[in-house]
Amino acid sequence: MKPWLKITIGILSSILIIFIIGGYIFYQMLNTSLPVYEGTLQAPGLKEKVEIYRDSLAVPYIFASNDEDAALALGYLHAQERMFIMDVIRRAGAGRLSEIFGEETVPFDKMFRTIGLNRTTLKIKRKMDPKTLKVLEAYSKGVNLYIKQAENKYTFEFDILGYQPDEWKPEHSLIVIRMMAWELNLSWWTDLAFTELVQKLGMNKVEEILPDYPENAPTIIPAHLKKFAVINRSLIETDKAFRKFVGMKGTHIGSNNWIVNSAMSLSGKPIIANDPHLAFSAPGTWYAVVIKSPEWDAAGVTLPGVPGIVIGKNENISWVLTNIMNDDSDFYFEQFDSTGTKYLLDGKWQDLVIRKDTLLVNGSKPVPIIIKETHRGPVISDIHPYNIIYNDEQRDYPPISMRWLGNEFSDECTAFFEINKAKNWDEFKTAVQKYYVPGQNFVYGDKEGNIGYVFGGALPLRNKRTEQSTTFVFDGTTSESDWDGLLERDKLPTLFNPEQNFIASANNKTVKDFKYHISNLWEPPSRIDRIIELLSSKEKHSVNDFMHYQMDIVSPYAREIIPYLINAFRNIKITDVNLKLSLELLEDWDYKLDKFSQAPSIYLVTFKYLLENTFKDEMGNDLFNQYVFLANIPYRVILQLLNKPNSVWWNNIKTKGEENRDEIIRKSVSQALTYLEENVGSEVEDWQWGKIHKVKFKHPFSGNSSLVDKIIDIGPYEVGGDGTTIFNTEYTFSESIEEYPLFRHDLFENDLGPSMRYVYDFSKPDEFYLILTTGQSGNVMSDHYSDMSLMWLTGKYMKISTDKIQIKKAPNKLLVLIP
């Protein structure tokens, strides 16, 4: 053998041995981070013994002798399975991401320090119910028990980032709640984006593309927008980048829920269902648990970082949620004096509250920041723009302040703690009255056969003269647009035992002709229309029916759009074979967005080009991406425009001719077919929707290495549906920007949908059905990191028992905590 060959083989052998040994060591290191499911563990702060049983899918059943011990056990369980995500969320809300991630997250930290979530949560902690605070303190002890026990043995994310989690405190749980409120608050986007549209395109042009709900706060464009300089979009861009960074993708932040009473139930008792729509991630949002103590006997899903069942049941009632889409924030153009320390209000100069703060940055120098506040709230236009894309030239932007309901005092922890324990409608309704953010439609049922609805949120009282302009930034130099407190709780909408025998919500308009402004951000009615179709399709319904309904992929919205596409080709000679076949498929289509069907691909790729051909010539790329960011806006507006064949928006201002609706439709269909031919296949039979519409549950570290992604991500899986089906599989309409990872995505990539599914029949009080998107664990080495994904994808459920005897008889693993 030649010497060089011996040397080469020796080197390669050494590398292989090192690789194998290194891989083994790394594997063992990862395995040491797996949570302990069996045995006995001493828990300082515990009053009495707690038993924790875990089933084959790692759902825990907590048996405790008192509330505080149950909360401590839940804190320990959350930390065992989700410590890294809990830590990222509390750091984000406190403006401390840069201590770990470095300069990249400085804009996010400045945003949240400016908005003031940390200040708000400390205020809440001081004023909240003392009993609830004790539960939060006990929960914190449980989290800290894990932090101490797992020192130097945390999940791999901590090793890669080179840090260990700090002590957990009660205010950190309050931050997690407020961060969920921030995720579900999208009214800030419309105020700023629509204001910019008016400033750049003019009032007459924009009036036609505002979502139309005339019976509830019709939109009137205020004249004062002309006198202020073009808006600074730094908050929009920074928040969009933050959402991408932490995985809060998608904007159909909604849900479906419904309940039928005994008259419509095969079992003779109410049946209730819920599937909240949130951004997909690995791990998923929720953690399932059954809690059994003498006064706290509840089961369902929890939010890691917070003690309490968010959606679920107890011995007497069940409750489910959807987003109200509440307009809970307003923005104000301010006028500062030359020193930047005063602002003008009603002709007088008022002192700004000015705070100095410092951001600590890993690998870099500390960053000093200055936070300014008016009597309404923080000045958000000083947030450093996330200028990775929009490198606007330096200009004098008008200062803008923000008032957000999430910065007011409210005690959601107490609200949910009391909901968990409520025995009847009156106790439930009283508990929900303590709940403000994020605004939720609470749908209720009880073992006595009652069903009900409560508006869970608070409504700012706005001046009637300015209420119709809430879609835009107000003139802050006058107090006329200030909030006048909050609407009294007894005036908020409720519903109890309606004659129609069911209640359903899907982020649709809460109530018609309501005296006070709630929102104009409602979802298109497609999902609620389909739910009502299904509930009206038969006299009685079962649990299995509800499971099928939650997987439904028929789109009433597509049913409205398709005739326009087909009619645009009437009397047009068609010679292209694929075009002829495509139109035939659309005409014969049942509007089911099946992943194996070609019609959804033709329709939805056409819809993509229809949006671009309608809006982009006037708006340009940047403004177009702003406009379509909140998906329900273009969904609603394009349907409005289709009813106006000669609207000015159909004309392409960059061509010499004057286009109408049908010409733009034909152009969009032609582009769609070209896209499908070039990217999917030359034959129509190749164009199944699932080939281009896929879901992947992504880990926070996803996107850095394709090899690592295969280990930490779950999927991709082909999926049906879209943003208008009950099985909501939303994808973004915004363009992918390839050079910037945070704004890069695949076309039609499903990034949001049912974060869990829940069904409960009151005729079987000791069991309910539930499924999560991924699994109970956030540890990539765990068997329970992804063991529910295929079940979720195919419409299967766990059957979870709440019967003490059955739980203890089952072959479950047992962990005992002792004082």
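Before the opening stop, one term: a cavity here is a set of grid points where a 1.4 Å probe fits but cannot get out. Its volume is the space filled by probe spheres set on those points. Keep in mind as you go that this is a predicted model.

Searching the whole structure turns up seven cavities of 30 Å³ or more. Head for the largest cavity, which holds about 330 Å³ of space. To get there, select M180, W286, V310, L321 and Y435: of the 27 lining residues, these are the closest to its centre. Now colour by secondary structure. Helices α8 (170-184) and α12 (412-421), along with strands β5 and β9 (317-323), each give at least two residues to the lining of this largest cavity. What classes of residue line the largest cavity? Its lining has 19 nonpolar residues, seven polar ones and one charged one.

Next come the aromatic side chains, with 49 aromatic pairs in the count. Select F280 and W792, an edge-to-face pair with 5.4 Å from centre to centre and 85 degrees between the planes. Where in the chain do F280 and W792 sit? F280 is in the loop between β5 (271-279) and β6 (287-292), while W792 belongs to helix α23 (residues 789-794), so this pair, its members 512 residues apart, links distant parts of the chain.

Now jump to F514 and Y516. This aromatic pair is also edge-to-face, at 5.8 Å centre to centre with 65 degrees between the planes. F514 is buried, with 15% relative accessibility, and Y516 is buried with a relative accessible area of 15%.

**Stop three: a cluster of rings.** Select Y557, W589, Y591, Y603, F607, Y635, Y675, W689, Y731, F733 and F748 together and show their side chains. Ring pairs link these residues into a cluster.

**Stop four: charges over rings.** Finish with two spots where a charge meets a ring. Select R376 and Y332: R376 lies over the face of Y332, 4.3 Å from the ring centre. Then pick K616 and F624, where the charged end of K616 sits over the ring of F624, at 5.3 Å from its centre.

How values were computed
Residues numbered from 1 in each chain as written. Predicted model: local features only at pLDDT ≥ 70, side-chain atom pairs only at ≥ 80, totals over all residues. Heavy atoms only, no water. Phe/Tyr/Trp six-rings, centres within 6.5 Å; stacked < 30°, edge-to-face > 60°. Helix = DSSP H or I, 4+ residues; strand = E, 2+ residues; numbered from the N terminus. Buried < 20%, exposed > 50% of the residue type's maximum accessible area, 1.4 Å probe, protein only. Lys NZ or Arg CZ within 6 Å of the ring centre and 35° of its normal. 1 Å grid on protein atoms, 1.4 Å probe; cavity = no way out; pocket = protein on both sides within 12 Å on 5 of 7 lines; lining within 4 Å. Nonpolar A, V, L, I, M, F, W, Y, C, P; charged D, E, K, R; others polar.
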